[in-house]
Amino acid sequence: MWVEILCGLVAYKIIRRFFFDDGDDASYLADLDSSHSDLCFAVASRLEKLYNGRCFVGLRIPDPDAGERQHIDVVLVTKREVMVVGIKNFSGFIEADKDGNWSCPTDKKRKQEIIPNPVLEVNRLAASLQSYLEQRGAKLPDGHVIGRVVLPNPNCRPSYNISVQPEVMLYDQWKDLKMDPKSGLSTWIKGAFSGSRSDTQDSVLQNLHFILSTSPMWDRLELKGDKNVLGEFIEFKGRHEDIELLKNLKRSKVSRFIIQKSTLFGGFGRSRVQILYSPRDYRAEGTSSSEWKEISVKQYTEIVFQPLHSKKVRKFKLSSVVSVTLSA
């Protein structure tokens, strides 16, 4: 009897491994730190609802002065302004020194980390973005592109000289943001931008959307468990026959691909995943459902990805991936 039970358990594990999604996906992703990327998308989602605008996450704006691309967490575009948002998930007491640099607690006992002035940084990024938009034909009035630093962590306790800065949004302010039904703007931004400035024309707004949606940005890897990772897609790893099928899934040809659940094909151990992808269209932002194409590969094929702010290249099994969005 015990032999039969043991054999049944072994058979169950074999069947589960070969025919269904990988059972160790949770532990496989446990050491992945996606907190900043997840926070960027969460903040962007709330900003879009509050301001009735559109957000672009993980932009990489060329900066000729610096000689490299500048990373921007979130850019919010509304009819009234373009807002560059820097997200700082600080916890504990933070204070600013005489030069404006911030001092924050670290995981190490009695150790402080010095952060270059986030307000100056986000304002510099706003100026770089405005210059980039002008280079691509969108000339905006002075003061139209602004910078804001969001502190969304409820355990963050900034000093007085930080909290009084108008560019800084504290957790309590962030939590209590509400829409003003009369103006369509949030009560937080209403005071800062009241005045006679007219709304941006729809044609200008559409042009901004097109420019930002076709701007350099980090690739986005969406994983099971509601995890998002910004970084750079490098390549696929797997058996030769699968890599041959996937050779057209490169950023010059594809803008996004979606991983579907495993399906069974014939004999023992042939569990596979379906990849839906859409050809890149540089003339438009969206892709119609009729344009999706399909590839079937083994579920243990891997994606090689370089996460943002990490020196370590990671490999992700397709069975743990929901979708990949590739920058142009």
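## Chatting through the fold

Reader: Hi! Let's start in β9: which residue stands opposite Val149 there?

Author: Hi! Val149 stands opposite Val168 in β9. One thing to keep in mind as we go is that this is a predicted model.

Reader: Got it. And in what sense do β7 and β9 pair?

Author: They run parallel, and the pairing of β7 with β9 covers two bridges.

Reader: Ok, what sheet has β7 and β9 in it, and in what order do its strands come?

Author: It's an open sheet of five strands, and the order is β1-β2-β3-β7-β9, with mixed pairing. β1 and β9 (168-169) are at the edges; each has a single partner strand, so one side of each has no neighbour in the sheet.

Reader: Which strands of that sheet does α4 touch?

Author: α4 packs on the sheet and touches β1, β2, β3, β7 and β9. The direction of α4 makes about 150° with that of β7.

Reader: What actually holds strands together in a sheet, by the way?

Author: Strands of a sheet pair through backbone hydrogen bonds, in either a parallel or an antiparallel way.

Reader: Nice. Now the other sheet, with β4 in it: how many strands, and in what order?

Author: That open sheet has four strands in the order β6-β5-β4-β8, again with mixed pairing. β6 (112-115) and β8 (156-158) are the edge strands, and each of them pairs on one side only. From one strand to the next, the twist averages 25°.

Reader: How do β4 and β8 pair?

Author: β4 and β8 pair in the parallel sense, over three bridges.

Reader: Switching topic! How many residues are in the largest nonpolar core?

Author: There are 35 residues in it, and Trp102, Leu129 and Leu151 have the most contacts inside this core. The elements giving two or more residues to it include the strands β1 (54-63), β2 (68-77) and β3 (82-87), along with the helices α4 (118-135) and α8 (202-213).

Reader: Which element gives the most to this core?

Author: That would be α4, with seven residues. There is also a second, separate core of 23 residues, and Val74, Ile146, Leu177 and Leu230 are among its members.

Reader: Which residues meet where α4 and α8 pack?

Author: On the α4 side you'll find Leu129, Tyr132 and Leu133, which meet Leu208, Ile211 and Leu212 in α8. Leu129 is also one of the residues with the most contacts inside the largest nonpolar core.

Reader: Why does Lys139 count as exposed?

Author: Because its relative accessibility is 68%, and exposed means over 50%.

Reader: One more lysine: where is Lys88 found?

Author: Lys88 is in the loop between β3 and β4. With a relative accessible area of 25%, Lys88 is partly exposed.

Reader: Last one, zooming out: how many helices and strands does the protein chain have?

Author: Nine helices and 17 strands. Of its 328 residues, 45% count as buried. And among contacts between residues at least 6 apart in sequence, 62% join residues at least 24 apart.

Key: Residues are numbered from 1 along each chain as its sequence is written. This is a predicted model: local features need pLDDT of at least 70, side-chain atom pairs count only at pLDDT 80 or more; totals for chains, interfaces and linings use all residues. Side-chain values use heavy atoms; hydrogens and water are left out. A nonpolar core is a set of buried Ala, Val, Leu, Ile, Met, Phe, Trp, Tyr and Cys residues joined through side-chain atoms within 4.5 Å. Buried means under 20% relative accessible area, exposed over 50%, partly exposed in between (1.4 Å probe, protein chains only). Two strands pair if DSSP finds at least two bridges between them. Axes are lines fitted to C-alpha atoms, for helices over the stretch in contact, and angles run from 0 to 180 degrees between N-to-C directions. Contact means heavy atoms within 4.5 Å.
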